[in-house]
Amino acid sequence: MCILFKTRHTHSATVTGGAPTMPVWMIYMRLSVAPLKFSSIFSLLIGVVIFSLPAQPRAQELVQTGRLPVLFDAQERMPGADLSTVSRVRFLMSVDFPPFNFTDQDGRLVGFHVDLAREICAQLKIENKCQVQALPFDELEAAVEMGEGEAVMSGIASSADLRKSFSFTRPYTLLPARFAVNKAARLEGQAADALSGKKVGVVSNSRHEAMLKAFFPAVQVTGFDGYEPMYEALKSGKIDGVFADGLRLPFWVAGTASNGCCTMFDGPYMSDRFLGEGLSIMTVDPENKLVPAFDQALAALSRNGRLEEIYRRYFPYGMF
């Protein structure tokens with residue numbers, strides 16, 4: 001497979017060489033998008049890798065330890081759609097959502113979403129129609145509305161407001177909340193109720209703070225202005241644990257910045273109310289072709305293990 005970088009205003013390119021002709025994925029980069037500067041341990045680790053309530057938010061029926069939740073019924077038949085009349089499928093994504101989509105040290109757009117888009121196109125046998133285009137996050141919605149792309153894959157979750165203008169696939173992953181605790185904390189048990197009466201840090205005015213207060217009212221909630229001061233308080237033992245998103249927390253716990261102070265604890269925890277319905281592909285799909293086709297491909301990738309394989313590639317410490 002050959003990946004070409006072109007400015008948005010370039011309309012043609014030639015691939016030469018002795019190798020057999022292969023489908024070309026073109027990754028267009030807007031000139032206005034500056035390369036990311038990875039300064040946090042979270043981003044550095046990605047570069048190395050591939051760089052008690054009645055309705056508890058824990059989804060044990062979906063999650064096997066460490067594995068991606070199964071969101072597609074193995075017995076469900078997905079109708080799919082004929083994409084033979086679709087001339088091209090351009091996936092739009094930002095470059096600032098690692099490890100889902102980001103630029104590596106060589107300036108290449110890489111990540112979970114890039115690989116997933118590639119697998120979707122391979123599953124649908126439309127590799128020669130597929131492109132990935134990188135844009136600033138705040139331009140994605142307008143770009144797909146104006147016909148500059150057919151689909152957005154950039155961490156956008158379905159909502160009632162967005163569904164008025166866009167169509168969404170079924171979720172392909174969830175973004176859970178997780179606890180991490182200081183290894184020196186004296187806890188009785190391995191479940192969240194062991195944190196009752198303990199100081200648990202959370203980013204102030206965040207959805208995780210709201211979720212922590214709603215589902216775990218017995219903990220002593222300690223708010224912080226951001227992740228770094230919260231992590232430092234956990235590392236120094238000023239608080240017993242933290243409650244945060246399962247995306248970045250495992251990277252910090254496993255990384256050098258934590259100094260081996262801490263460990264993941266219980267969970268994962270999911271909640272549509274506080275964390276949304278999960279990540280989906282957003283499209284403008286008036287003919288209702290793309291969403292059924294994407295759903296069929298996502299279901300197939302979930303069942304054949306390819307989705308799990310991509311997840312393991314970019315989340316070596318897991319989210320769940």
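Which residue of β12 does V202 stand opposite? In the predicted model described here, local features need pLDDT of at least 70 and side-chain atom pairs count only at pLDDT 80 or more, whereas totals for chains, interfaces and linings use all residues. Residues are numbered from 1 along each chain as its sequence is written, and side-chain values use heavy atoms, with hydrogens and water left out.

V202 stands opposite G223 in β12, within a parallel pairing in which five bridges join β11 to β12. Strands are taken here as DSSP runs of E with at least two residues, and helices as runs of H or I with at least four residues, numbered from the N terminus; two strands are said to pair if DSSP finds at least two bridges between them. From β11 the chain passes through helix α4 (residues 207–215) to β12 in a right-handed β-α-β crossover, a term applied if, with the strands pointing away from the viewer, the path from the first strand over the helix to the second runs clockwise.

These strands belong to an open sheet of five, ordered β12-β11-β13-β10-β14, with mixed pairing. Because β12 (220–224) and β14 (262–269) stand at the edges with a single partner strand each, one side of each is left without a neighbour in the sheet. From one strand to the next, the twist averages 30°, angles running from 0 to 180 degrees between the N-to-C directions of axes fitted as lines to C-alpha atoms, for helices over the stretch in contact.

Within the sheet, β11 and β13 pair in the parallel sense over two bridges, and the bridge partner of G201 in β13 is V242. Strand β10 (residues 177–182) pairs with strand β13 (residues 241–245) in the antiparallel sense over five bridges, and in β13 the residue A244 is the bridge partner of R178. β11 is mostly covered, four of its five residues being buried, that is, under 20% relative accessible area, against over 50% for exposed and in between for partly exposed (1.4 Å probe, protein chains only). Helix α5 (residues 227–236) lies across β10, β11 (199–203), β12, β13 and β14, and runs at about 150° to β13.

C261 is found in the loop between α6 (249–254) and β14, and is buried, with a relative accessible area of 11%. Residues up to four places away in sequence not being counted, C261 touches V181, N182, K183, K235 and W252, where contact means heavy atoms within 4.5 Å. C261 and N182 are 79 residues apart in sequence, but 5.9 Å apart in space, C-alpha to C-alpha.
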